[in-house]
Amino acid sequence: MSAKPEWADKDYYADLGVSSSASAEEIKRSYRKLARENHPDTNPDNPAAAEKFKRVAEAYDVLSDATTRKEYDQFKAMVRSGGGFGRMGGAGFPGGFRSSHMGQGAAEEFDLSDIFGGRSTGGASQGGGFGDIFGGVFNRGGSAGHTARPSRGADVETEITLEFREAAKGTTIPLQLTGEAPCTTCHGSGSKSGKTSQCKNCKGTGFSSENRGAFAFSAPCTECDGTGQKIEDPCTDCNGSGTVHRTRSITVRIPAGVIDGQKVRLAGQGEAGPNGTPAGDLFVAVKVKPDKVFTREGDDLHVTVPVSFAELALGDTITVPTLDSPVRVKVPAGTSDRRTLRVRNRGVAKRGGKSGDLLVTVQVTVPTNLDGAATSALRTYAQAERDSGFDPRAGWEGNVSHGSAAGSA
């Protein structure tokens, strides 16, 4: 009995709260709503929201791409029709394995390599079967069925570290990647002339049959290595593969607003696929350094600005830094210490042209070295303050006593 893949029971449509017939726009709209509601930045102490955010992101990664969505739908349809895991010989498994002990009319065929997602050619394990069907979704590794060759190149993941302001405003960075790249001699075809012909041995299917006693197995064609095509004049620089191992340089645009731990996907920037098939994707994991001035909560920025007692008591206009040029913020007379003032649209840019807000918290700074004139003036003020009847602890003792009594009870 084959092991059940961890993704076999996942319902990506349910995770996004849409029907299987939902349009691409409906899927995008639902993803944005759920991602915003369950984002770790807005739910820092909510493991359930974090898990929901991961499921929503995984579902959107599959369903937002027309190719992977089609592959996912095909797989779910196969499972519903009886081609599921946990039993041998159910409907829905591709042909290739036949038990001669069954009655002729009741013979059922399936390819063991299709079930277990692998095939063997010269001792090397290669993609096939369910691994091929879901290769584009989970590892970008295989085809959707007609031939045994990989349908695209491998995905690549790398990591970068950005300054806080680079992540908030977006930036462009150069990257060097080492891996499979298109052969410049044959332009990725694997052939000197760029021409291929159908393999005569497997007639273009990529598979050949082999009898082993009571069973018949289908295996990748050894003549064409499971591609279904034959290269008559292999390129000498890449040995007919269409790719060479080399280092290449690319420029990556990181969008504004990325957060620490986020991955940016760049379609088609991964390793080149064999013989001209599409390249895989590049996933850039982003680490963001903390900033000395700003902290971030979602798309809002927080900054704490030192002020004097006089500025709070009498009111004033102070200069506050932003990600761009400084802004002037009015502090109303009688503002209390640690009060937060909001400056609209001076936070992190959102998609659609809008931005979050800048939240300015004012914090009193007490002078430590007053000269004689300042000390004298402050004592005169303190006396005037007392004479006016102002008591900063008015009612405070009663509140403390009340709170203590409530706590002891």
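This is a predicted model: local features need pLDDT of at least 70, side-chain atom pairs count only at pLDDT 80 or more; totals for chains, interfaces and linings use all residues.

C221 lies in the loop between β8 (215–220) and β9 (229–230), where helices (H or I, at least four residues) and strands (E, at least two) are DSSP runs, numbered from the N terminus. At 0% relative accessibility, C221 counts as buried; the word buried means under 20% relative accessible area, exposed means over 50%, and partly exposed is in between, with a 1.4 Å probe and protein chains only. Residues are numbered from 1 along each chain as its sequence is written, and side-chain values use heavy atoms, with hydrogens and water left out.

Which residues does the UniProt annotation "binding site" cover? According to that record, an unreviewed entry, they are C199, C202, C221 and C224. These four span 26 residues in sequence, yet no two of their C-alpha atoms are more than 9.0 Å apart, so they gather at one spot.

Most residues other than glycine have a negative phi. H187, however, has a positive phi of about 60 degrees although it is not a glycine; H187 is placed in the loop between β5 (171–182) and β6 (197–198), and with a relative accessibility of 69% it counts as exposed. N345, also a residue other than glycine, has a positive phi near 60 degrees, and N345 lies in the loop between β17 and β18.

Now to the charged side chains. Side chains of opposite charge can pair when their charged atoms come close. A salt bridge here is a side-chain nitrogen of Lys or Arg within 4 Å of a carboxyl oxygen of Asp or Glu, and by this rule the count comes to 16 salt bridges. One of them joins R55 and D15, whose closest N and O atoms are 3.6 Å apart. Because R55 sits in helix α3 (residues 47–63) and D15 in helix α1 (residues 12–16), this pair ties together parts that are 40 residues apart in sequence. R55 is partly exposed at 33% relative accessible area, whereas D15 is buried at 14%.

Where do the two partners D324 and K169 lie in the chain? Their side chains meet in a salt bridge of 2.6 Å, N to O, and the pair links distant parts of the chain, 155 residues apart, with D324 in the loop between β15 (316–320) and β16 (327–331) and K169 in helix α8 (residues 164–169). D324 counts as exposed at 53% relative accessibility, and K169 is partly exposed at 39%.

R342 and D357 also meet through their side chains in a salt bridge, at 2.9 Å from N to O. R342 lies in strand β17 and D357 in the loop between β17 and β18, so this pair ties together parts that are 15 residues apart in sequence. R342 is partly exposed, with a relative accessible area of 46%, while D357 is buried, at 9% relative accessibility.

A310 is placed in helix α9 (residues 309–314) and counts as partly exposed, at 40% relative accessibility. The C-alpha atoms of A310 and V364 are separated by 9.4 Å, although these two residues are 54 residues apart along the chain.

Notes. UniProt positions are given in the numbering used here, feature names are shortened, and annotations may be inferred rather than shown by experiment.
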